[in-house]
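Let's take a walk through this model, starting with a pocket and then following one of the helices beside it.

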Amino acid sequence: MFLVCLGRTSVDPTDQGGAGLLFGTHFQDAWDDLVQEGLISGEKRDSFNIPVYAPSLQDFREVVEADGSFAINKLEVFKGGSPLVVNQPDDDGEVGRALANSCRSVSGVLVDAHIGDKLSEELFMRVERRATSHGKELLEQLQFFHIVASLSFAL
């Protein structure tokens, strides 16, 4: 069996790499803006959660070995690149839109259901605005890593 999943290079479980950055500072700060302006309550913000976990190679190996159903033939991590697809990397506005669109593509339906369409639109506009002010930095830092595993049934 051949598996590819989101991964991380750090052994520190609090460092979720690119996945953590995608829903990190700009996304969280946009939520905080809505709270500070009285558009939503702190409880409403805090009850929204996107569980993201990118395992390290060690995490992945431990789970497979603990299960015992599979033998690991090959296991490695590789850099998959940035999820931000932009034509002009020097255009901070395009980078900001790409980040907001990436966040929206993953969580938009969940955000809409949680706070409604209008506030959802406001949230993602704020994500875009915040990300635009850090365009170059985002392109450099927002890199996804993937774990590639070749497994066979254990005998």
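Start with α2, which gives the most residues to the lining of the largest pocket, namely 4. Helices here are DSSP runs (H or I, at least four residues), numbered from the N terminus. A quick word on the source: this is a predicted model, where local features need pLDDT of at least 70, side-chain atom pairs count only at pLDDT 80 or more, and totals for chains, interfaces and linings use all residues. Residues are numbered from 1 along each chain as its sequence is written, and side-chain values use heavy atoms, leaving out hydrogens and water.

The largest pocket has a volume of about 280 Å³. Of its 14 lining residues, Phe23, Phe27, Gln28, Phe48 and Ile50 are the closest to the centre. (On a 1 Å grid over the protein atoms alone, a pocket is an open set of points with protein on both sides within 12 Å along at least five of seven lines, a 1.4 Å probe fits at the points, and lining residues have an atom within 4 Å of a point; the volume is the space filled by probe spheres set on the points, which are joined across faces, edges and corners.)

Now back to α2. Its buried residues (under 20% relative accessible area, 1.4 Å probe, protein chains only) are His26, Phe27, Ala30, Trp31, Asp33 and Leu34. They sit on the same side of α2, because they cover an arc of only 150 degrees around the axis, taken from the directions from the helix axis to the C-beta atoms. These buried residues pack against α1, α3, α5, α6 and α7, where contact means heavy atoms within 4.5 Å. Just after α2, glycine 38 takes a positive phi of about 75 degrees.

Key:
Helix = DSSP H or I, 4+ residues; strand = E, 2+ residues; numbered from the N terminus. Buried < 20%, exposed > 50% of the residue type's maximum accessible area, 1.4 Å probe, protein only.
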